[in-house]
Amino acid sequence: MAEALKPWINLPENTDFSIYNLPFGIFSTGSSKYRVGIAIGDQIIDLAKAHQTDIFDGLNIPAEVFENEFLNDFIGLGKLVTTEVRERVQNALCVEGSPLQNNPTIFVDQSSAIMHMPVRVGDYTDFYSSIEHATNIGKMFRGPENALMPNWKHLPVGYHGRASSIIISGQDIHRPKGQLKPEDSNPIYAPTRRLDIELEMAFIVGKSTPLGSSISTTEAKDHIFGMVLFNDWSARDIQKWEYVPLGPFLGKSFASSISPWVVTLEALQPFAVESPKQDPEVLPYLQYDGKHNYDIALEVDLIPNNEEQATTITRTNYKYMYWNMAQQLAHHTVNGCNVNIGDMMASGTISGTDPGSFGSLLELTKGKEPIPLNGGQERVFLEDGDRITMRGHASKDGKRVGFGEVTAKILPAK
């Protein structure tokens with residue numbers, strides 16, 4: 001990693017939003033409309049106000065790009081420009097007397113800001129790319145001898161999800177209702193009895209492609225803007241009854257929550273690691289060079305209703321992913337499927353090898369074995385009033401790049 005940077009701004013110890021991170025997001029305050037910001041420590045740099053200085057001179061960025069409800073227009077400027085914006089802000093935070101230091105009104109306390117969806121999501125795809133998760137689920141439903149379906153090691157399995165129900169962290173969700181099939185009766189219509197989490201991450205497409213074109217694994221990094229935390233809420237009983245033969249539908253589409261700050265691939269590059277060895281060898285269009293996985297520590301906290309004490313129910317790492325983002329994007333487009341700026345592609349549940357690293361309650365409890373919580377309660381699946389908070393960060397050589405958190409509370413069914 002490069003020599004340590006020395007910002008003039010005071011930063012909290014172990015902040016996710018260090019000088020090496022500088023993620024992008026959309027915020028508003030009581031006195032300002034939606035606009036593009038960069039997180040630094042516990043503050044936000046208002047890029048609409050920063051644009052009024054000379055910091056971005058020569059980049060020819062229209063003012064309305066930063067006074068915007070979404071990042072799509074900013075991302076559409078291309079990586080050369082967006083990377084230059086991030087690097088100029090990073091440099092200005094390290095140079096005494098810079099335009100940022102001389103204009104304190106450019107900074108907004110995060111505690112006084114409202115965060116919004118960072119991008120307009122046109123399309124959403126959810127993959128199923130953790131071999132540990134796929135194996136755990138396969139064993140439960142088909143036995144250990146048939147844990148993985150015959151196609152699983154040959155292609156990144158995925159399905160097209162519902163973009164309209166992707167919501168920002170902090171927005172609580174109601175327990176979904178639907179068709180359930182109890183073991184000893186006909187189907188019924190009722191609130192789900194098996195509400196679950198799926199600990200995932202998602203990447204945001206940074207470059208649109210025309211119908212009929214494909215993106216190679218070599219080109220993929222240039223087409224990915226950044227990543228967020230992603231909680232793919234799941235109603236297991238609705239999913240179990242409906243998913244044959246076409247896959248997930250209403251058991252998934254009621255809500256998916258994301259973290260508000262988009263961490264760029266450039267910020268994550270120092271934490272890139274080798275992917276797990278793939279056996280059998282994949283087809284040529286899925287082969288790749290270089291490091292495409294990232295060492296990102298992930299954890300999930302559960303707090304029951306009217307309690308303050310959290311229980312960390314799992315700790316895992318994104319580096320375990322069998323299929324990486326370059327392979328997912330290459331496979332998604334190999335048939336000529338077009339993608340657009342702001343499209344979101346989730347990883348699928350991220351599980352590790354030991355039971356304490358599983359990314360869903362279905363795996364952690366096997367659907368029937370309660371896990372104890374610190375306050376004395378226990379859970380198999382989520383109850384009304386439970387709050388789930390997911391966090392993630394990468395760290396190396398004393399430098400930290402984090403995602404903040406994605407959190408939501410379960411409200412009773414409407």
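This is a predicted model: local features need pLDDT of at least 70, side-chain atom pairs count only at pLDDT 80 or more; totals for chains, interfaces and linings use all residues.
I call a residue buried when its relative accessible area is under 20%.

**Entry 1: helix H4**

Which residues of H4 are buried? I listed Ile-131, Glu-132, His-133, Ala-134, Thr-135, Asn-136, Ile-137 and Gly-138. Part of what covers these buried residues is helix H9, which runs over 361-365.

I then checked the length of H4. Its 12 residues should span 16 Å at 1.5 Å a residue, and its end C-alpha atoms lie 15 Å apart, so the two values agree.

**Entry 2: His-133**

Is His-133 buried or exposed? Its relative accessibility is 4%, so I count His-133 as buried.

Next I looked up its partners. Setting aside neighbours within four places in sequence, I found His-133 in contact with Tyr-128, Glu-198, Thr-349, Ser-351, Ser-360 and Glu-363. With Glu-363 there is also a polar contact, side chain to side chain, at 2.7 Å.

Not counting residues up to four places away in sequence, Leu-100 touches Trp-8, Ile-45, Ala-50, Ile-55, Val-89, Ala-92, Leu-93, Ile-106 and Phe-107.

**Entry 3: a five-stranded sheet**

I traced an open sheet of five strands, in the order E4-E3-E2-E1-E5, with antiparallel pairing. Its edge strands are E4 (107-109) and E5 (114-116), each of which pairs on one side only. From one strand to the next, the twist averages 45°.

Inside this sheet I looked at E1 and E2. How many bridges join E1 to E2? I found five, between antiparallel strands at residues 24-29 and residues 32-40. Ile-26 faces Val-36 of E2 across this pairing.

**Entry 4: strand E20 and its partners**

Last, I turned to E20, at residues 297-303, which pairs with E21, at residues 311-317, through six bridges in the antiparallel sense. Opposite Glu-299 I found Arg-315 in E21.

E20 is also joined to E25 (residues 387-396), by seven bridges and again antiparallel. There, Asp-301 stands opposite Thr-389.

Terms used:
Residues are numbered from 1 along each chain as its sequence is written. Side-chain values use heavy atoms; hydrogens and water are left out. Buried means under 20% relative accessible area, exposed over 50%, partly exposed in between (1.4 Å probe, protein chains only). A polar contact is a pair of N or O atoms within 3.5 Å; within protein, one must be able to donate a hydrogen and the other to accept it, and residues adjacent in sequence count only if both atoms are side-chain atoms. Contact means heavy atoms within 4.5 Å. Helices (H or I, at least four residues) and strands (E, at least two) are DSSP runs, numbered from the N terminus. The expected span of a helix is 1.5 Å times one less than its number of residues. Two strands pair if DSSP finds at least two bridges between them. Axes are lines fitted to C-alpha atoms, for helices over the stretch in contact, and angles run from 0 to 180 degrees between N-to-C directions.
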